[in-house]
Amino acid sequence: MLNNFNQQMSWQDKYIPLVSQKLGQVFMVRSSFEVDTQNATDLVMLRAGTMNFAVRLRKFDNYGSRYLQQFTIRAKTRHNNKTEIHKILEGNADYGFYGWVCEKNKKIEHWTIFDLDIFRQEVNKETLDNKHLIMNPDGTGFYAFYFNEFPSNLIIETSIGEANAILYR
């Protein structure tokens, strides 16, 4: 299991610089002329303080065309350890970054940044009890969610379809 986890992390880590680039484009903006000239500030972070991101990347070539509007969160390990869904529901991570990687092009083809506070307002232990746990052959399991199951303010920004507008600002 640890070897599989390490392989998955190693694969995802190759794309973290691209994720960081996208997050910077969303959460940093050019300052106004007044702020620039009076305060020597060229860029402004849209939220002060630490921002924690849960990142999940999937291979577009395998599933992207069928599940583009879906995001999954691990909910079971083979050894019943605490998983991402438990950590998120406990209040960890502020935002989710869900991306689809095209390995042939070595880029994140489609992505969505979403607000985990909005997610937590809609999902809790009781709602999960009524949700189907999808099991993998390796003994891990996950829940599948669809962005359109949530209020529209869940999505901060996305590269997918008509929802490509910057919604955060």
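**Strands, rings and cores**

Author: Strand 4 and strand 8 run antiparallel and are joined by six bridges. This is a predicted model.

Reader: Why do strand 4 and strand 8 count as paired?

Author: Pairing takes at least two bridges between the strands. Strand 4 and strand 8 have six, so they pair. Within this pair, Thr72 stands opposite Ala144 in strand 8.

Reader: How do you know that strand 7 and strand 8 pair?

Author: They have two bridges, and at least two are needed, so they pair. The sense is antiparallel. Here Met135 is placed opposite Gly141 in strand 8.

Reader: What order do the strands of this sheet have?

Author: The order is 4-8-7, in an open sheet of three strands.

Reader: What makes strand 4 and strand 7 edge strands?

Author: Each has a single partner strand, so one side of each is left without a neighbour in the sheet.

Reader: Why is strand 4 called mostly covered?

Author: Five of its seven residues are buried. Buried means under 20% relative accessible area.

Reader: Which strands form the sheet with mixed pairing?

Author: Four strands form it, in the order 3-5-6-9, and this sheet is open. Strand 3 (53–59) and strand 9 stand at the edges. Each of the two has a single partner strand, so one side of each lacks a neighbour in the sheet. On average, neighbouring strands here are turned by 15 degrees against each other, direction ignored.

Reader: What joins strand 5 to strand 6?

Author: Eight bridges do, and the two strands run antiparallel. Gly99 stands opposite Trp111 in strand 6.

Reader: Which strands does helix 2 touch?

Author: Helix 2 (residues 16–27) packs on the sheet and touches strand 3, strand 5, strand 6 and strand 9. Its direction makes about 50 degrees with that of strand 6.

Reader: Now the rings. How many aromatic pairs are there?

Author: The structure holds 17. One of them joins Trp11 and Tyr15.

Reader: Why is the pair of Trp11 and Tyr15 called tilted?

Author: The centres are 5.5 Å apart, and the limit for a pair is 6.5 Å. The planes make 55 degrees. Stacked needs under 30 degrees and edge-to-face needs over 60, so this pair is tilted.

Reader: Are Trp11 and Tyr15 buried or exposed?

Author: Trp11 has 14% relative accessibility, and Tyr15 has a relative accessible area of 2%. The cut-off is under 20%, so Trp11 and Tyr15 are buried. Trp11 also has a charge over its ring face.

Reader: How do you know that Lys59 lies over the face of Trp11?

Author: Lys59 is placed over the face, at 5.4 Å from the ring centre. The distance limit is within 6 Å.

Reader: Which residues have the most contacts inside the largest nonpolar core?

Author: Phe71, Ile85, Phe119 and Phe145 do, in a core of 20 residues. Strand 4 (70–76), helix 5 (84–89), strand 5, helix 6 (116–122) and strand 8 each supply at least two residues of this core. Beyond its neighbours within four places in sequence, Phe145 is in contact with residues including Phe71, Ile85 and Phe119. A second, separate core of 15 residues includes Trp11, Val19, Phe27 and Met51.

Reader: Why is Glu149 called partly exposed?

Author: Its relative accessible area is 43%. Buried is under 20% and exposed is over 50%, so Glu149 falls in between. Glu149 lies in the loop between strand 8 and strand 9.

Reader: What makes Ile160 buried?

Author: Ile160 has 8% relative accessibility, and buried means under 20%, so the label holds. The place of Ile160 is in the segment after strand 9.

Notes: Residues numbered from 1 in each chain as written. Predicted model: local features only at pLDDT ≥ 70, side-chain atom pairs only at ≥ 80, totals over all residues. Heavy atoms only, no water. Phe/Tyr/Trp six-rings, centres within 6.5 Å; stacked < 30°, edge-to-face > 60°. Buried < 20%, exposed > 50% of the residue type's maximum accessible area, 1.4 Å probe, protein only. Lys NZ or Arg CZ within 6 Å of the ring centre and 35° of its normal. Axes fitted to C-alpha atoms, helices over the stretch in contact; angles between N-to-C directions. Contact = heavy atoms within 4.5 Å. Core = buried A, V, L, I, M, F, W, Y, C linked by side-chain atoms within 4.5 Å.
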